[in-house]
Amino acid sequence: MAAITMERVSVWYGRVKALNDVSLEVEPGSVLALIGPSGCGKSTLLRVLNRLVERTPAARVAGRVLIDGHDILAPDVDLALLRRRVGMIFQRPVSFPFSIFDNVAYGPRLHGMKNPHQLRRVVEGSLKQAALWDEVRGKLRRPAHGLSGGQQQRLALARALAVNPEAILMDEPTSSLDPGSAARIEELVVHLKGQYTVLIVTHNLQQAARVSDFTGFLDRGQLIELGETSQIFTAPRDRRTEAYLTGQFE
Amino acid sequence: MKRGRRWYAVSAGITVVALAIVLWVLLLLAKDGLAGWHWSRLTRFPRELRSGGGIAPELVNTVSMVMLAECFSAPVGMAVAVWLTDYAPPAAWVGWLKRVLIGFQSIPAIVVGLIVYQTLVDGLGWPLSVGSGTIALAVLNLPAVAVLGATVLSEVPGRLREGSLALGATRIQTVWRLMLPAALPALIDQLGYSWARLAGETAALIFTAGINVGPRWGWFQPGETLAVHFWYVRTEGAMPDWRMVAAATGLVLVTITAGAVLGAKLWAARILAKRGVGVSERG
Amino acid sequence: MERQALNGWIERWQARLLWAATLLVAMLVLAITLVLAVGATRFLQSRGWRLGVLLGANWNPLAGHFEIGLFIVDTIIVTALAMAMTLPFGLGVAVFGAYVASSWERTALRWLLTVLAAVPSVAMGWWGLAVVVPGLRRIGGGPGFSLLAAGAVLAVMLLPTFGLLALEVLDKVPEDWHQASLALGASEDQNLLQMALRVSLPGLKTAFLTAVARAMGETVAVQMVIGGAVYGFHGMLGPGATLTTQILTDMAILPLGHPAHGVLDLMAVILLAGLTLLTIWAQRGDERP
């Protein structure tokens, strides 16, 4: 579990400002949902936290981001270590064209785990945590691409959990899945609460309401409002939040 | 150097070395070719035993033979490509035909030369000539056009094709009005490359087009090309200035091939730019 | 309607023309194979189907000995030398072009490689005569004309083609996969070695085998620098002769009508058989995305 603090974070892509002076705090072990219209900077915010934002050419980040008190934007930060502590799940399920086992073992192997018994234990544990074990037990050597979309997303979650992260970033993890698979992912998020700090970006307002402790509303790169989920959904303080939640936005 | 990026730095170093070596070939050719350069080389006939010979007939032969070979092999090859992408039944033998064509794409040029030599020159009694050489080039080019054309056409998104058919267009209308225009830039790109490849061909021509030129151009006149002349002069040339003649011929040849490739690429890029697609996106 | 009838007629005839073109090319391919097969069979028959023709190294047309084993071995050696030299360079160029270069560098590199890939092989042979052969003579002694020289010339010739093909393969690895791999804490090196290159392996194999096919089939660039020695094996730094160069040389020595002309067909058949094996190998298991 990690405590995350952002202080006046801004991101530019070239001359376009994608994130504008965002400050927020996330309590350890809680789930924060980020909602807002397309292109409001939600995904950018997630990608600042594991510094994947730097892969975009001409991206520039200003401000301070603290994870457990350490400034992760400092130039001497060990990116591998940071990303190991902050896992990420993407919109489209990503499985490498390896076997199911090799997919989950990818992370631990990166960090030097070679012992086959140890790897097996980690893979089994992660698959159980991601509620995929019962479906793939005995088929670990089969290619991951044979799994359904929902299974692949849970496989991605297992792969992220296998490196023992403290926080998990989820970028619209259910938007490409059917309702049944989406519901299973949601259950998992609720289940992970308390063990991991979770930031989840979603277009699905009901989902945000169901899984999160806190909700933040972003618009055009600005964090308009952040509060307890029940408060945001029942009594938003800002008019823009209210307009968005009631579907009258723009 | 950033930690954990060692192989990126290595790859950059390798790229510099690799490009330097290949450019060495071109720069040396340019240096030697320009050393004794005179524009009259482009207008004179070659001389077997005296200095100062030119490459005018070779230049004419190269351009005319490549054009004729393309005129035959490009339409026929594209017809095969269209048939393979849009008309072929889903039968096993079609798969085999594709595989065989892919295999024949890499048929050694010398083997094509051997076959044309045995059938046309021996079988039909044709002389070593422009005609035999042109046929050899066309045979060499056919499988390549068919395979690369089919690849390019199959990259036209299927939904465009289905949309056109759904609107009531016939199959052949879809091909002419949609598929070929959509694939045009990529096809032009390929045409430029195949032009360069044929112009630079040597092995298939030595025993089909021959190593001599005639007093005038003709289908059954000897048909030595620039590439063959380059090879012949460098390995067997008896004129006193063979060094200069060889390098000058090579320089003209490389200029032609590079021109064909770059010209086609620029043309294709212009079409894409008119359609509003950036150059970099299509590479 | 008149018009509809006309359209239908055009449609049918165009389809027939396309089919005729396909048939023509199929027949052409068949004819090539048949001519070579007949020539090779006749030659083998005249030799009493002795295996020594393929395995032996006794090549002496004047004495009536036509054993092509040496040329097969030299072809394999030259190809292997060329690929061993071109592989690291080609991969380096591909990695740089696909993952390291900025957007304009990438475009420039692609254009440059395309132009270089179209440089005629005879120009590479010319460079080999001007640089590689004298260089090897100075360093290694001997004639300079050698299997190693042929391999080096081929390596330079294949580098742009292989580099470009490999670059296209590496470029096809989806950005999502890179992000997923990096998000697990992979360094750029680990991402390259354990993910990108690994998932690109089938495509890289095809690119590699395409280059091998070109190396095996190249004639003049090799012929200019290999020395054309047909008696015995002289080592990497000694001269030799490959199947392609020997076909070229002997088309003049064994004219049509010569009883042993068929040995040229046999050499061509062996080349094609080798290329067929490569093609089959390249296409096997290449169905992955």
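**A friendly note on the strands and helices**

1. Let's start with one pair of residues: Ile4(A) has Val26(A) as its bridge partner, and Val26(A) belongs to strand 2 of chain A. Please keep in mind as you look that this is a predicted model.

2. That pair leads us to two strands. Strand 1 of chain A, residues 4-13, pairs with strand 2 of chain A over seven bridges, and the sense of the pairing is antiparallel.

3. Now take in the whole sheet. In chain A, four strands make up an open sheet with antiparallel pairing, and their order is 2-1-4-5. Which strands stand at the edges? They are strand 2 (16-26) and strand 5 (70-71) of chain A; each has a single partner strand, so one side of each has no neighbour in the sheet.

4. Next, please turn to chain B and chain C. Their contact takes 73 residues from chain B and 73 residues from chain C. On the side of chain B that touches chain C, helix 1 of chain B (residues 6-35) gives the most, with 16 residues. Sorted by class, that side of chain B has 49 nonpolar, 15 polar and nine charged residues.

5. Here is a helix pair from across that contact. Helix 4 of chain B (residues 109-123) packs with helix 1 of chain C (residues 2-46) at an angle of about 85°, and their axes are 11 Å apart. Angles of 65 to 115 degrees count as roughly perpendicular, which is why helix 4 of chain B and helix 1 of chain C are described that way. Which residues meet here? From helix 4 of chain B come Ile115(B), Gln118(B) and Thr119(B), and they meet Ile32(C), Val35(C) and Leu36(C) of helix 1 of chain C. The residues of this contact divide into four nonpolar, two polar and no charged.

6. Finally, a helix pair inside chain B. Helix 2 (residues 56-87) and helix 7 (residues 171-199) of chain B pack at an angle of about 140°, with 10 Å between their axes. That angle makes helix 2 of chain B oblique to helix 7 of chain B. Is their crossing left-handed or right-handed? The crossing of helix 2 and helix 7 of chain B is right-handed.

7. Helix 2 of chain B contributes Thr62(B), Val66(B) and Glu70(B), among others, while the residues they meet in helix 7 of chain B include Arg171(B), Val175(B) and Trp195(B). In this contact of helix 2 with helix 7 of chain B, nine residues are nonpolar, one is polar and three are charged.

Conventions: Residues numbered from 1 in each chain as written. Chains lettered and ligands numbered in written order. Predicted model: local features only at pLDDT ≥ 70, side-chain atom pairs only at ≥ 80, totals over all residues. Contact = placed C-beta atoms within 7 Å. Nonpolar A, V, L, I, M, F, W, Y, C, P; charged D, E, K, R; others polar. Axes fitted to C-alpha atoms, helices over the stretch in contact; angles between N-to-C directions. Parallel < 35°, antiparallel > 145°, perpendicular 65-115°, else oblique. Left-handed = near helix turned anticlockwise from the far one by under 90°. Pairing = 2+ DSSP bridges.
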